[in-house]
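I opened this model to go through its loops, its helix packing and its sheet, and I keep my notes below in the order in which I looked things up.

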Amino acid sequence: MDNSRYNPPPNPNRRNACFGCAGMGVIFLGLIVLWWTAAMRNPVVDIPTSAMPKPNAFDYYVSAGNAVVGDKQIGDAVATKPLTPYSLGQKEALVQQNASVIQTLHQGFAYPYLSPPARSINALFPYFAKFRGVARLLSLRGQVKAARGDWRGAADSYLDAIRLGEDVPHGSVLIGELVGVACQAIGRRPMWETANHLNAAQAHAASMRLQSILARRFSYADTLQEEKRFGQSALLEMFRNPKTFNTAMNSNSPPSDPEADAALSMSQAYYLLYSKSRIMHNYTTYMDQFAAQSRQSYGLHLPPPPMPTDLINRSLLPTFTEARIKDVDCQTQNGMLLLTLALREYRLQHGHYPKSLTELTPTCLQKLPDDPFAAQGTFQYHLDGKNYVLYSVGPDGVDDGGTPIDDPQQASSTNPNSRYFIKANSKGDVVAGTNLW
């Protein structure tokens with residue numbers, strides 16, 4: 001019986017096709033391995049580090065902050081609604097106990113300031129809280145001097161706090177910028193009232209000093225560049241150590257949040273498949289774009305750069321919009337305080353306020369400050385009887401003729417004046433005498 005019809009000879013074409021498919025599979029697998037190896041390779045990033053000045057005012061400020069005695073009592077004594085009323089004598093005692101703190105701070109004023117670079121995801125900044133304690137001490141010292149009728153001494157103390165706040169962001173990441181804004185506010189709040197008690201010479205001296213302080217400003221764009229270098233260093237650490245990545249992702253997730261847990265799991269899986277070089281590129285590009293935009297006038301109302309599409313950056317990148325509005329608002333408040341001092345000097349010299357801000361230069365001011373919320377130009381000003389209205393056009397960039405920002409929904413039982421606080425979406429003008437902090 002012929003069985004050849006049941007057992008046909010091997011088909012060489014079919015065998016070659018099988019070998020071909022197997023070979024293509026090996027090649028495809030090899031390409032996947034090569035791609036994954038390249039994707040997982042740690043990127044090489046040049047992260048510059050500035051040389052620290054010697055002596056560095058930072059060291060003096062840290063020493064001053066660490067030496068503050070009775071920080072909680074000082075904070076309560078300068079609070080709008082203190083838990084325990086403090087007599088003038090008690091306030092003077094607190095200031096006297098901290099005389100060496102103020103002396104150390106003043107020694108630091110003689111030197112340039114630069115914060116140590118943050119180049120690790122585990123970087124700690126314990127000194128920033130201490131700097132705020134020094135600012136509160138300076139505010140308390142100003143209160144004591146004002147209560148004794150020493151308005152020039154009070155102004156000097158408040159300006160010390162503003163000087164401290166202008167220095168703190170130098171070389172720091174975003175948290176340093178925010179602490180600097182807070183320190184300036186601590187000194188600036190009581191300075192508004194103090195300005196009304198200065199004579200012409202004292203007002204001039206205060207405005208000249210404030211001008212020199214504001215000239216020291218470390219721009220928000222420069223802060224973003226430092227934040228970028230910090231973030232690049234953190235990403236490199238995460239790439240080298242997956243445990244660091246898990247820790248960082250968990251720290252950004254709310255506890256017991258199913259959606260956050262799902263996003264975390266997806267990000268962790270994504271991390272194993274997405275190119276590390278692409279993650280670093282996306283982060284660097286976003287930060288550079290945001291810094292470049294921050295060098296432009298806020299009044300241009302440029303849209304924020306697009307957020308990177310990869311899940312890692314979307315999980316790790318904070319939003320910088322609110323921080324920028326705080327920075328611009330702080331500049332606005334400082335500019336209006338400078339003009340308030342110059343207007344005080346002018347009125348005491350001439351018996352009336354000027355018809356225009358241009359009359360303040362060059363005698364009272366070297367130049368007029370720009371309105372940070374405007375596309376260009378200085379603040380708005382007009383006479384109102386024997387007084388005046390001074391204002392910025394505010395975040396919306398619209399000149400409302402001096403109608404202040406006023407949102408009753410923002411008011412709180414602890415701070416009713418919060419209705420006048422500035423937000424990115426606020427409507428109205430930032431008016432001297434109303435929208436102050």
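**Loops, helices and sheet**

I began with Pro362, which I found in the loop between helix 15 and strand 1, where helices (H or I, at least four residues) and strands (E, at least two) are DSSP runs numbered from the N terminus. The peptide bond from Thr361 to Pro362 is cis, with omega near 0 degrees. I noted a cis peptide bond between Lys54 and Pro55 as well, with omega about -5 degrees, and Pro55 lies in the loop between helix 1 (12-40) and helix 2 (57-66).

The model is predicted, so I kept in mind that local features need pLDDT of at least 70 and side-chain atom pairs count only at pLDDT 80 or more, while totals for chains, interfaces and linings use all residues. Residues are numbered from 1 along each chain as its sequence is written, and side-chain values use heavy atoms, with hydrogens and water left out.

I then turned to the sheet, which is open and has three strands in the order 1-2-3 with antiparallel pairing (two strands pair if DSSP finds at least two bridges between them). Its edge strands, each pairing on one side only, are strand 1 (380-384) and strand 3 (430-431). Helix 15 (residues 321-350) packs on this sheet and touches strand 1, strand 2 and strand 3, its direction making about 160 degrees with that of strand 2; contact means heavy atoms within 4.5 Å, and axes are lines fitted to C-alpha atoms, for helices over the stretch in contact, with angles from 0 to 180 degrees between N-to-C directions. Strand 2 (residues 387-392) pairs with strand 3 over two bridges, and the bridge partner of Tyr391 in strand 3 is Val431.

In the loop between strand 2 and strand 3 I looked up Ser426, which counts as buried because its relative accessibility is 8% (buried means under 20% relative accessible area, exposed over 50%, partly exposed in between, with a 1.4 Å probe and protein chains only). Not counting residues up to four places away in sequence, Ser426 touches Pro395, Asp396, Ile405 and Phe421.

For comparison I checked His301, in the loop between helix 13 and helix 14 (311-316): it has a positive phi of about 50 degrees although it is not a glycine, and at 40% relative accessibility it counts as partly exposed.

Last, I examined helix 7 (residues 151-167) and helix 9 (residues 200-214), which pack at an angle of about 5 degrees with their axes 10 Å apart. They are therefore roughly parallel to each other, given that angles under 35 degrees count as roughly parallel, over 145 as roughly antiparallel, 65 to 115 as roughly perpendicular and the rest as oblique.
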